[in-house]
Amino acid sequence: MRIAAGLLAVATLTAATACSTSNQPAHAEGVTAAPASTRPAETLKPLLQQALPNVKGKSFTSAVVELPPNARAMPHRHGQAFVYAYVLDGTVRSQLDDKPVTTYHQGENWVEQPGAHHVLTENTSRTKPAKLLVVFVSDTGDKLKVDDPRS
């Protein structure tokens with residue numbers, strides 16, 4: 001719990017700094033995922049991407065993931081990144097690997113271990129959007145999200 005709270009504090013501070021400072025390191029471009037069937041897709045908007053000064057070869061990225069009503073992400077992985085997700089708005093259903101499906105509400109959070117397979121990410125509402133703050137600690141240069149190849 002302390003780690004999650006600490007990551008949230010760092011992400012919040014980073015987001016605030018990114019919004020208020022014009023001399024920040026290069027930001028990653030926003031990414032829109034391919035739609036899962038005919039449902040709306042999520043949008044990933046990086047806030048800050050920066051190499052960690054004391055951890056060679058690692059980067060910190062904070063991003064907001066927006067899930068329109070009824071949106072579902074493609075099954076995906078985040079490479080060898082450690083991922084922390086915090087629900088800013090709405091309700092999100094998530095499943096990692098073969099673990100049970102879990103529903104997270106505003107103010108709740110989870111972590112994804114390096115190499116985890118995110119098989120389900122969806123907004124549970126057909127009428128209201130959902131939003132996540134996501135923090136990645138990844139190998140510098142790695143893609144933040146890789147959708148599963150289509151069969």
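Serine 138 lies in strand 10, which spans residues 130–139, in a model that is predicted. With a relative accessibility of 4%, serine 138 is classed as buried, because this value falls under the 20% cut-off. Leaving aside residues up to four places away in sequence, the contacts of serine 138 are Gly57, Lys58, Ser59, Ala81 and Leu144.

Strand 2 covers residues 43–51 and strand 3 covers residues 58–67. The two strands run antiparallel and are joined by eight bridges. Within this pairing, proline 46 has alanine 63 of strand 3 as its bridge partner. Lys58 and Ser59, which serine 138 also touches, fall within the residue range of strand 3.

At the level of the whole protein, the secondary structure comprises one helix and 11 strands. The order of elements from the N terminus is α-β-β-β-β-β-β-β-β-β-β-β. Of the contacts between residues at least 6 apart in sequence, 67% link residues at least 24 apart.

The protein has 151 residues, of which 38% are buried; serine 138 is among the buried residues.

Conventions. Residues are numbered from 1 along each chain as its sequence is written. This is a predicted model: local features need pLDDT of at least 70, side-chain atom pairs count only at pLDDT 80 or more; totals for chains, interfaces and linings use all residues. Side-chain values use heavy atoms; hydrogens and water are left out. Helices (H or I, at least four residues) and strands (E, at least two) are DSSP runs, numbered from the N terminus. Buried means under 20% relative accessible area, exposed over 50%, partly exposed in between (1.4 Å probe, protein chains only). Contact means heavy atoms within 4.5 Å. Two strands pair if DSSP finds at least two bridges between them.
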